[in-house]
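Hello,

Here is the structure you were to receive. My notes follow below it.

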Amino acid sequence: MLLTIDVGNTHTVLGLFEGEDVIEHWRLATDARRTADEIAVVLQGLLAQSPLLKGADVDGIAICSTVPSVLNEMREMCRRYYGDVTAVIVEPGIRTGVPVRMDNPKEVGSDRIVNALAAIDQYGGPCVIVDFGTATSFDAVSAKGEYIGAVTAPGIEISVDALASAGAQLHKVELVRPRSVIAKNTVEALQAGIIYGFAGQVDGIVERMTAELADDPDEVTVVATGGHAGLVVGESRSIDVHEPWLTLIGLRLIYHRNTG
(Lines give C-alpha, C1' and ligand atoms only; values in the text may rest on other atoms or scores of the structure.)
Protein backbone atom coordinates (compact mmCIF):
# COMPACT_ATOMS: atom_id res chain seq x y z
CA MET A 1 0.00 0.00 0.00
CA LEU A 2 1.09 3.55 -0.73
CA LEU A 3 0.94 6.19 2.00
CA THR A 4 0.59 9.76 0.67
CA ILE A 5 1.19 12.80 2.88
CA ASP A 6 0.25 16.37 1.95
CA VAL A 7 1.67 18.84 4.49
CA GLY A 8 -0.08 22.20 4.26
CA ASN A 9 0.38 25.35 6.30
CA THR A 10 -2.65 24.60 8.48
CA HIS A 11 -3.49 20.93 8.02
CA THR A 12 -1.71 17.74 7.02
CA VAL A 13 -3.75 15.26 4.99
CA LEU A 14 -2.76 11.61 4.80
CA GLY A 15 -4.22 9.03 2.46
CA LEU A 16 -3.59 5.32 2.00
CA PHE A 17 -3.92 3.91 -1.50
CA GLU A 18 -4.64 0.36 -2.52
CA GLY A 19 -4.05 0.50 -6.25
CA GLU A 20 -5.77 3.66 -7.46
CA ASP A 21 -8.27 3.86 -4.61
CA VAL A 22 -8.01 5.86 -1.38
CA ILE A 23 -9.05 3.29 1.23
CA GLU A 24 -8.25 5.33 4.35
CA HIS A 25 -7.53 8.98 5.10
CA TRP A 26 -6.80 11.32 8.00
CA ARG A 27 -6.54 15.09 8.59
CA LEU A 28 -4.23 16.50 11.26
CA ALA A 29 -3.18 19.96 12.38
CA THR A 30 0.22 20.89 10.96
CA ASP A 31 2.61 21.54 13.84
CA ALA A 32 6.05 22.83 12.86
CA ARG A 33 7.35 21.93 16.34
CA ARG A 34 6.58 18.22 15.97
CA THR A 35 9.71 16.08 15.74
CA ALA A 36 10.35 13.08 13.51
CA ASP A 37 9.78 10.76 16.47
CA GLU A 38 6.46 12.40 17.32
CA ILE A 39 5.35 12.21 13.68
CA ALA A 40 6.19 8.50 13.67
CA VAL A 41 4.17 7.88 16.86
CA VAL A 42 1.12 9.66 15.42
CA LEU A 43 1.42 7.93 12.06
CA GLN A 44 1.86 4.45 13.51
CA GLY A 45 -1.07 5.04 15.85
CA LEU A 46 -3.34 6.02 12.96
CA LEU A 47 -2.29 3.02 10.89
CA ALA A 48 -2.72 0.62 13.81
CA GLN A 49 -6.22 1.77 14.76
CA SER A 50 -7.73 1.58 11.27
CA PRO A 51 -10.00 -1.46 10.85
CA LEU A 52 -9.62 -1.23 7.07
CA LEU A 53 -5.93 -2.06 6.96
CA LYS A 54 -6.13 -5.55 8.46
CA GLY A 55 -2.42 -5.70 9.19
CA ALA A 56 -1.33 -4.63 5.70
CA ASP A 57 2.09 -3.01 5.41
CA VAL A 58 3.01 0.32 3.87
CA ASP A 59 5.36 -0.40 0.96
CA GLY A 60 5.71 3.14 -0.41
CA ILE A 61 5.51 6.74 0.82
CA ALA A 62 5.00 9.95 -1.18
CA ILE A 63 5.23 13.38 0.48
CA CYS A 64 4.84 17.02 -0.49
CA SER A 65 5.10 19.93 1.93
CA THR A 66 4.73 23.70 1.92
CA VAL A 67 6.40 23.90 5.36
CA PRO A 68 10.19 23.36 5.11
CA SER A 69 10.73 22.57 8.80
CA VAL A 70 8.06 19.87 8.72
CA LEU A 71 9.48 18.44 5.51
CA ASN A 72 12.85 18.04 7.19
CA GLU A 73 11.26 16.08 10.05
CA MET A 74 9.22 13.99 7.62
CA ARG A 75 12.43 13.09 5.80
CA GLU A 76 14.04 12.04 9.09
CA MET A 77 10.94 10.06 10.08
CA CYS A 78 11.11 8.09 6.83
CA ARG A 79 14.80 7.41 7.33
CA ARG A 80 14.51 6.22 10.93
CA TYR A 81 11.21 4.36 10.93
CA TYR A 82 10.61 3.37 7.31
CA GLY A 83 14.15 2.86 6.07
CA ASP A 84 13.19 -0.21 4.06
CA VAL A 85 10.28 1.58 2.33
CA THR A 86 10.74 3.56 -0.88
CA ALA A 87 9.96 7.22 -0.16
CA VAL A 88 9.46 9.91 -2.82
CA ILE A 89 9.53 13.53 -1.67
CA VAL A 90 8.38 16.19 -4.14
CA GLU A 91 11.32 18.56 -4.47
CA PRO A 92 13.72 19.76 -7.20
CA GLY A 93 14.94 16.79 -9.22
CA ILE A 94 11.75 14.76 -8.89
CA ARG A 95 10.02 13.95 -12.18
CA THR A 96 6.51 15.40 -12.27
CA GLY A 97 5.89 15.70 -16.01
CA VAL A 98 4.47 19.21 -15.50
CA PRO A 99 6.42 22.03 -17.24
CA VAL A 100 6.26 25.21 -15.13
CA ARG A 101 5.92 28.38 -17.24
CA MET A 102 6.47 30.92 -14.47
CA ASP A 103 9.03 33.73 -14.16
CA ASN A 104 10.61 31.82 -11.27
CA PRO A 105 9.49 28.16 -11.22
CA LYS A 106 11.07 27.69 -7.77
CA GLU A 107 8.41 29.97 -6.29
CA VAL A 108 5.64 27.52 -7.13
CA GLY A 109 4.65 25.32 -4.19
CA SER A 110 5.11 21.60 -4.66
CA ASP A 111 1.46 20.96 -3.80
CA ARG A 112 0.35 23.12 -6.72
CA ILE A 113 2.45 21.14 -9.19
CA VAL A 114 1.09 17.91 -7.71
CA ASN A 115 -2.47 19.21 -8.12
CA ALA A 116 -1.80 20.21 -11.72
CA LEU A 117 -0.56 16.71 -12.57
CA ALA A 118 -3.58 15.08 -10.95
CA ALA A 119 -6.06 17.41 -12.68
CA ILE A 120 -4.54 16.80 -16.11
CA ASP A 121 -4.48 13.04 -15.52
CA GLN A 122 -8.07 12.89 -14.29
CA TYR A 123 -9.82 15.55 -16.39
CA GLY A 124 -7.50 16.73 -19.15
CA GLY A 125 -6.66 20.30 -20.02
CA PRO A 126 -7.06 23.17 -20.05
CA CYS A 127 -8.19 23.42 -16.45
CA VAL A 128 -8.32 25.68 -13.42
CA ILE A 129 -7.73 24.23 -9.96
CA VAL A 130 -9.27 26.03 -7.00
CA ASP A 131 -7.64 24.89 -3.77
CA PHE A 132 -9.43 26.03 -0.60
CA GLY A 133 -6.61 25.88 1.94
CA THR A 134 -4.89 28.43 4.16
CA ALA A 135 -4.98 30.58 1.02
CA THR A 136 -7.49 30.16 -1.78
CA SER A 137 -5.27 29.26 -4.73
CA PHE A 138 -6.29 29.33 -8.38
CA ASP A 139 -3.92 27.46 -10.71
CA ALA A 140 -4.09 27.57 -14.48
CA VAL A 141 -3.03 24.53 -16.53
CA SER A 142 -2.86 24.63 -20.31
CA ALA A 143 -4.21 22.10 -22.78
CA LYS A 144 -0.63 20.79 -23.06
CA GLY A 145 -0.42 20.11 -19.33
CA GLU A 146 1.76 23.14 -18.54
CA TYR A 147 1.46 25.05 -15.29
CA ILE A 148 1.13 28.56 -16.68
CA GLY A 149 0.08 30.82 -13.83
CA ALA A 150 -1.85 31.42 -10.65
CA VAL A 151 -3.99 33.67 -8.50
CA THR A 152 -3.68 33.67 -4.71
CA ALA A 153 -6.28 35.12 -2.35
CA PRO A 154 -6.75 34.98 1.45
CA GLY A 155 -8.32 31.71 2.56
CA ILE A 156 -11.62 31.29 4.35
CA GLU A 157 -10.17 30.71 7.83
CA ILE A 158 -7.74 33.62 7.50
CA SER A 159 -10.58 35.92 6.51
CA VAL A 160 -12.81 34.74 9.35
CA ASP A 161 -10.03 35.16 11.91
CA ALA A 162 -9.20 38.65 10.63
CA LEU A 163 -12.83 39.74 10.75
CA ALA A 164 -13.34 38.37 14.27
CA SER A 165 -10.18 40.03 15.59
CA ALA A 166 -10.92 43.42 14.02
CA GLY A 167 -14.61 43.69 14.92
CA ALA A 168 -15.45 44.31 18.58
CA GLN A 169 -18.93 42.78 18.28
CA LEU A 170 -18.00 40.05 15.79
CA HIS A 171 -16.80 36.55 16.57
CA LYS A 172 -15.96 33.29 14.85
CA VAL A 173 -18.99 31.32 13.69
CA GLU A 174 -19.68 27.80 12.51
CA LEU A 175 -19.04 27.65 8.78
CA VAL A 176 -22.40 26.41 7.49
CA ARG A 177 -24.92 27.67 4.94
CA PRO A 178 -27.33 30.20 6.51
CA ARG A 179 -31.09 30.05 6.02
CA SER A 180 -31.02 32.89 3.51
CA VAL A 181 -28.68 35.43 1.97
CA ILE A 182 -30.40 38.30 3.76
CA ALA A 183 -29.70 37.32 7.34
CA LYS A 184 -31.81 38.11 10.42
CA ASN A 185 -29.00 37.87 12.99
CA THR A 186 -25.28 38.53 13.27
CA VAL A 187 -24.22 34.87 13.12
CA GLU A 188 -26.08 34.20 9.88
CA ALA A 189 -24.96 37.54 8.44
CA LEU A 190 -21.35 36.42 8.94
CA GLN A 191 -22.08 33.00 7.49
CA ALA A 192 -23.74 34.54 4.43
CA GLY A 193 -20.86 36.92 3.88
CA ILE A 194 -18.29 34.14 4.13
CA ILE A 195 -19.97 31.49 1.99
CA TYR A 196 -21.64 33.63 -0.67
CA GLY A 197 -18.77 36.10 -0.67
CA PHE A 198 -16.23 33.39 -1.42
CA ALA A 199 -18.52 31.78 -4.00
CA GLY A 200 -18.75 35.13 -5.77
CA GLN A 201 -14.99 35.57 -5.57
CA VAL A 202 -14.41 32.14 -7.09
CA ASP A 203 -16.86 32.76 -9.93
CA GLY A 204 -15.36 36.16 -10.73
CA ILE A 205 -11.74 35.00 -10.77
CA VAL A 206 -12.50 31.78 -12.65
CA GLU A 207 -14.44 33.69 -15.31
CA ARG A 208 -11.42 35.88 -16.01
CA MET A 209 -8.96 32.97 -15.95
CA THR A 210 -10.96 30.78 -18.32
CA ALA A 211 -11.30 33.68 -20.75
CA GLU A 212 -7.50 33.85 -20.94
CA LEU A 213 -6.98 30.08 -21.03
CA ALA A 214 -9.18 29.20 -24.00
CA ASP A 215 -11.12 30.76 -26.85
CA ASP A 216 -14.13 28.83 -25.57
CA PRO A 217 -14.26 29.07 -21.75
CA ASP A 218 -16.60 26.07 -21.69
CA GLU A 219 -13.64 23.91 -22.70
CA VAL A 220 -11.92 24.65 -19.37
CA THR A 221 -12.59 22.22 -16.52
CA VAL A 222 -12.71 23.85 -13.08
CA VAL A 223 -11.69 21.51 -10.28
CA ALA A 224 -12.16 22.30 -6.59
CA THR A 225 -10.16 20.73 -3.78
CA GLY A 226 -8.96 21.56 -0.27
CA GLY A 227 -10.43 21.37 3.20
CA HIS A 228 -13.03 24.13 2.78
CA ALA A 229 -14.10 23.32 -0.78
CA GLY A 230 -17.33 21.69 0.38
CA LEU A 231 -18.54 25.02 1.80
CA VAL A 232 -18.40 26.80 -1.53
CA VAL A 233 -18.87 24.16 -4.24
CA GLY A 234 -22.66 24.10 -3.91
CA GLU A 235 -22.91 27.88 -4.17
CA SER A 236 -20.50 28.43 -7.07
CA ARG A 237 -21.67 28.52 -10.67
CA SER A 238 -18.23 27.89 -12.13
CA ILE A 239 -16.92 24.75 -10.38
CA ASP A 240 -17.34 21.58 -12.47
CA VAL A 241 -15.75 18.93 -10.24
CA HIS A 242 -15.10 18.55 -6.52
CA GLU A 243 -12.14 16.21 -5.88
CA PRO A 244 -11.12 16.27 -2.19
CA TRP A 245 -8.19 13.89 -2.78
CA LEU A 246 -6.65 15.72 -5.75
CA THR A 247 -3.26 16.27 -4.08
CA LEU A 248 -3.10 12.68 -2.85
CA ILE A 249 -3.89 11.41 -6.35
CA GLY A 250 -1.08 13.58 -7.71
CA LEU A 251 1.32 12.16 -5.11
CA ARG A 252 0.38 8.64 -6.19
CA LEU A 253 1.12 9.52 -9.82
CA ILE A 254 4.47 11.12 -8.97
CA TYR A 255 5.46 8.14 -6.81
CA HIS A 256 4.95 5.75 -9.73
CA ARG A 257 6.67 8.11 -12.19
CA ASN A 258 9.79 8.06 -10.02
CA THR A 259 9.84 4.42 -8.96
CA GLY A 260 8.91 2.72 -12.20
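Findings

Helix α5 (residues 186-213) has 28 residues, which at 1.5 Å a residue should span 40 Å, and its end C-alpha atoms are 40 Å apart, so the two agree. The expected span is 1.5 Å times one less than the number of residues. At the start of α5, the backbone nitrogen of Val187 has a side-chain oxygen of Asn185 within 3.3 Å.

This is a predicted model, in which local features need pLDDT of at least 70 and side-chain atom pairs count only at pLDDT 80 or more, while totals for chains, interfaces and linings use all residues. Residues are numbered from 1 along each chain as its sequence is written, and side-chain values use heavy atoms, with hydrogens and water left out.

Seven helices and 10 strands make up the secondary structure of the protein; these are DSSP runs (helices H or I, at least four residues; strands E, at least two), numbered from the N terminus.

The domain assignment, automatic or from a database, gives domain 1 (2-89) and domain 2 (124-244). Their centres, taken over C-alpha atoms, are separated by 28 Å.

Along the principal axes, the C-alpha atoms fill a box of roughly 60 × 45 × 35 Å. For 260 residues a compact globule would have a radius of gyration near 18 Å, and the 19 Å of the protein agrees with this; the radius is taken over C-alpha atoms, and the globule rule is 2.2 Å times the number of residues to the power 0.38.

Of the 260 residues, 47% count as buried, meaning under 20% relative accessible area (1.4 Å probe, protein chains only).

Regards

Terms used:
A polar contact is a pair of N or O atoms within 3.5 Å; within protein, one must be able to donate a hydrogen and the other to accept it, and residues adjacent in sequence count only if both atoms are side-chain atoms. Buried means under 20% relative accessible area, exposed over 50%, partly exposed in between (1.4 Å probe, protein chains only).
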